Amino acid sequence: MSIYRGSGVAIVTPYQDTEAREINYDVFRQLVERQIEAGTDAIIVAGTTGEASNQTDEEQIDLIRYCVEVVDHRVPVIAGAGSNDTRHGVNLSKACEEAGADALLSVTPYYLKTNQEGLYQHFAAIANAVNIPIILYDVPGRTGMGIAPQTLRRLIDDFENIVGLKDATGNFNHAVDNLHYCGDQVDVYSGNDDTAVPLMSLGGQGVISVLANIAPAEVHEMIHAALDGDFAKARELQAKFKPLIDTLFCEPNPIPVKAALALQGFEVGPTRLPLGKPQEETVNKLKEQMDELGLLG
């Protein structure tokens, strides 16, 4: 039940530059169409990069529904549906399915954390509540906990709709442990742009990328080179974009990538508080690096 292979974009949510920061649906359509035209293989909407944590459930579901409508089955739409409250996560997941999402991205419970048995029960409740595929999201740097390889194996054995893992651990020893316990029974996607190619050398099927917001064709080229076994080309592209990737994460995501999109002429607006404005140094560095890479038009 693979959802996709290749380059998925963790798409930003554009806001109007007003005090209320309403979602700018016209610009969102532009961003989606750009991604599809560039060959992006999946749209991940209302995730971390999409500022879902700063949205009401109603806003989040409306955005997902609109994304499904715009994409119109051209590529899979994967909806962010995570919560640290299991009941909330179940209800949100159901609403995403009803909104037409092709799959869910479900993050580990944050702040409350939990033990591995609680984690299993959390994801089990969500998997039992929906029929569409689920990608689990392992990002301990943001949530304070991770998915043990043994827990991952148990989940994919018990629930046929748990089919993927977004690995944003940056820990290759952990990735090898997942390979040992799960083999090819789960599709692994890199959640880190800077280590996408190395993770794919360990069997990864693609990336959920922030960089793809501003370089969709280039990320697609890099990931498909790796999928085709041309790791020389993939490594070259990974190294070429490494300085820009570092700048995209020198401040909390998605502050820099929204600044980068603005430099490309997209009116994505500001982030919502508590995410603040980018530092002037960050914007200047982005402009310089993007110009060198031919990303400013």
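How many bridges pair β6 with strand β7 (residues 187-190), and is the sense parallel or antiparallel? I started my notebook with that one, keeping in mind that this is a predicted model. I found four bridges between β6 and β7, in the parallel sense.

Entry: G164 has D187 as its bridge partner in β7.

**Entry: the other neighbour.** I then turned to strand β5 (residues 134-138), which is joined to β6 by five bridges. These two strands run parallel. Here I noted L136, whose bridge partner in β6 is L165.

**Entry: burial of β6.** Is strand β6 (residues 162-167) mostly covered or mostly open? I looked up its residues and found six of six buried, under 20% relative accessible area, and I put the strand down as mostly covered.

Entry: Next I followed the chain onward from β6.

Entry: Eight strands close into a barrel, and I read the order as β1-β2-β3-β4-β5-β6-β7-β8, with parallel pairing. From one strand to the next, the twist averages 25°.

**Entry: a look elsewhere in the barrel.** I also checked strand β3 (residues 77-80) against strand β4 (residues 103-107). Three bridges join them, and they run parallel. The residue I picked was A79, and its bridge partner in β4 is L104.

How values were computed:
Residues numbered from 1 in each chain as written. Predicted model: local features only at pLDDT ≥ 70, side-chain atom pairs only at ≥ 80, totals over all residues. Heavy atoms only, no water. Buried < 20%, exposed > 50% of the residue type's maximum accessible area, 1.4 Å probe, protein only. Pairing = 2+ DSSP bridges. Axes fitted to C-alpha atoms, helices over the stretch in contact; angles between N-to-C directions.
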